[in-house]
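Subject: Structure handover

Hello,

Here is the structure for you to take over. Please open it first, then read my notes alongside it.

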Amino acid sequence: MNRREFFPRQVVDAGANRWDWALLPLVLATLVLLAYGAAQMARPFELGDPLPLSLDPSRLPYYLLRTNLRMLAAMVMALIFSGAFAVLAAKVRAAEKVLVPMLDILQSIPILGFLSITVTGFIALFPGNLLGVECAAIFAIFTSQAWNMAFSLYQSLRTVPAELQEAAQVFQLSGGQRFWRLELPYAMPALLWNMMMSMSGGWFFVVASEAISVSNQSIKLPGVGSYIALAIESKDLPAIGWAILCMLIGILLYDQLVFRPLVAWADKFRFEDSGGETAPDSWMLNWLRRTQMTRRLGGWFVEQLERSLVWFRRPHDGTSIRARQRHAGPPWQRLWDAVLAAAVMFALWQLVAFVHSEVGWAEAGHVFLLGGITLLRVMVLIALAALVWVPVGIWIGLNPRWSGRLQAVAQFLAAFPANLLFPVAVLAIVHWKLNADLWLSPLMIFGTQWYLLFNVIAGASNIPAELRHAAGNLGLSGWLKWRRYLLPAVFPSFVTGAITASGGSWNASIVAEYVTWGDTTVQAHGLGAYIAQMTALGDFPRIALGIGVMCIFVMGLNHFVWRRLYRLAEDRMHF
């Protein structure tokens, strides 16, 4: 018998249950850790002050807290940026001409390039405080997360099924209502998978983001990345083992407490009948749903969100003349294209002047040759990764039960920094006298191949159920099933993953083509090794030359290969 039935309704609704009391210690502990970590990030600091860093494993929980706070702050910034970028690029044709190429350029700029430009400015914003250096590290992590999420959301907004767009027109939804009620919910499953991938990308580059050089000084912020960097400098293999264990714990915490509940919650946003027979589950989400306070807080938030949607409604109905779609006239389009062309010509003129006065044309030709070598590595490695991970991703996406089981494993493998493989790579190459140009190449794709896997999983899990049933009823099997059904269904997601994997591989070439282990350095021929070597020497003109050439190669690759495949993917998106 339920004893609560004898109490008044108001008492029953206001009272907390046992799940509330069980959740309370976790909430309080989280708040205390956040407050403590934030206070440590804003402590007084002047350039030259020592920041104690130890390889003692007992310090790793504190380092993990500091790293997680940076990555969480960067993720919030990346979400805000992704929403603004995707809406402008997908809705405004003139903005799309600028923002999409700009995103290609930004994702090709290595983290070292962002740090060298922004760290001085952030320190100047917060004089006498460690927060300036922390902001530089957070911004560096942001640059490893934002581009993938922004392009994923942009692709989702561009590929909303036509029947849903027609339904939005029938219900006379305004632009704001269309975004909140249709486009963002439709994009949510793929966005969450790319958030997991972006978080893993932040772990991959955490070593570079927490070890900052400014004014000929090296600042190693307390964190897991700086711990790994110190372990590599000291050739301390047990410390690297402790760092791997700490990373695994951190990724499992993120998976169980953040991403798995979000994935299970976002399953309701899947396109109708596109979900699998087995819905994703999360013990944390079930726990939160059983608590009185969480349900009450969630209900209040939903109520406020529904009220806010009224603010974005149309001031007229569909019969008004103002409901007609307005397109920019040819004169305005031509003027905007002329402004863009003038900006491009000015940039080219500045580039020619820079090369002629600072580095010379012979050096520029040499760097272009190195860029061609790295381009060949990127294309070969992505092709090999696609042969492996496209079938695996389709199988995982079509089996939601395995998708939930392998989610944390895939996140850990994606987050595993290539720096932790340096001991194996250097020792093997030196001991067996291997060719560095060949055997250092896998380090480039090790952290970026997972972009392909995560996007293919998201694409396969969103295949409409009616399409699956049609393929089964027609008896498709073998290569015919792959060619007519599976590959076209995941093709848009594959292209999105290939674009981000390509940009990530160019970025990873800086740490993969120039590898150090203690006082031993192994270098491959390529553009990444050139930029890393010039960064170590402090030659800023050649650093700028290397980054500029990398941007040119990435832009050319995206324009002549990936963009054409992306347009083809858009045509095949609507089943």
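Below is what I found, going from the whole chain to single residues.

**Overall**

Please keep in mind that this is a predicted model. The chain has 575 residues, and 47% of them count as buried. Its secondary structure comes to 24 helices and 4 strands. The chain exposes about 28500 Å². Carbon and sulfur atoms supply 67% of that area. Consider the contacts with a separation of 6 or more: 80% of them are between residues 24 or more positions apart.

**The cores**

The largest nonpolar core holds 147 residues. Leu-440 and Phe-494 have the most contacts inside it. Helix 6, residues 131-158, gives the most to this core, with 17 residues.

Take a look at Leu-440. Leaving out residues up to four places away in sequence, it touches Ala-425, Ile-429, Ala-512, Glu-513, Val-515, Val-522, Gln-523 and Ala-524.

Glu-513 sits in the loop between helix 22 (478-512) and strand 3 (514-517). Is Glu-513 buried or exposed? Its relative accessibility is 1%, so Glu-513 counts as buried. The side chains of Glu-513 and Arg-377 are joined by a polar contact of 2.9 Å. Beyond residues up to four places away in sequence, Glu-513 also touches others, including Thr-374, Leu-440, Met-444 and Val-522. Its contacts include Gln-523, Ala-524, His-525 and Gly-526 too.

Strand 3 comes next. It runs antiparallel to strand 4 (residues 520-523), and 4 bridges join the two. Which residue is the bridge partner of Tyr-514 in strand 4? The partner is Gln-523. Strand 3 and strand 4 form a hairpin with 2 residues between them. Gly-518 lies in the turn and has a positive phi of about 70°.

**Helix 22**

Ser-502 lies in helix 22. Its relative accessible area is 0%, so Ser-502 is buried. Setting aside neighbours within four places in sequence, Ser-502 is in contact with Val-378, Ile-382, Leu-557 and Trp-562.

**Aromatic pairs**

The structure holds 16 aromatic pairs. Phe-81 and Phe-142 form one of them. Their centres are 5.8 Å apart, with 85° between the planes, and the pair is edge-to-face. Phe-81 is in helix 3 (residues 60-91) and Phe-142 is in helix 6, so this pair ties together parts that are 61 residues apart in sequence. Phe-81 has a relative accessible area of 26%, so it is partly exposed. Phe-142, at 6% relative accessibility, counts as buried.

Phe-81 also pairs with Trp-147. Those ring centres are 5.5 Å apart and the planes are at 80°, so this pair is edge-to-face. The pair links distant parts of the chain: Phe-81 in helix 3 and Trp-147 in helix 6, 66 residues apart. Trp-147 is buried, with a relative accessible area of 8%.

Ring pairs also build a cluster. Phe-81, Phe-85, Phe-122, Phe-139, Phe-142, Trp-147, Phe-151 and Tyr-154 are linked in it.

**Two long-range links**

Trp-287 lies in helix 12 (residues 283-290). With 15% relative accessibility, Trp-287 counts as buried. Trp-287 and Leu-23 are 264 residues apart along the chain, yet their C-alpha atoms are separated by 8.2 Å.

Now Leu-351, which is in helix 14 (residues 330-359). Is Leu-351 buried or partly exposed? At 36% relative accessibility, Leu-351 counts as partly exposed. Leu-351 and Leu-545 are 194 residues apart in sequence. In space, they are 9.2 Å apart, C-alpha to C-alpha.

Best wishes

Terms used: Residues numbered from 1 in each chain as written. Heavy atoms only, no water. Core = buried A, V, L, I, M, F, W, Y, C linked by side-chain atoms within 4.5 Å. Buried < 20%, exposed > 50% of the residue type's maximum accessible area, 1.4 Å probe, protein only. Contact = heavy atoms within 4.5 Å. Areas by Shrake-Rupley, 256 points an atom, 1.4 Å probe, with all protein chains shown as cover. Polar contact = N/O pair within 3.5 Å; in protein donor to acceptor, adjacent residues only side chain to side chain. Pairing = 2+ DSSP bridges. Phe/Tyr/Trp six-rings, centres within 6.5 Å; stacked < 30°, edge-to-face > 60°.
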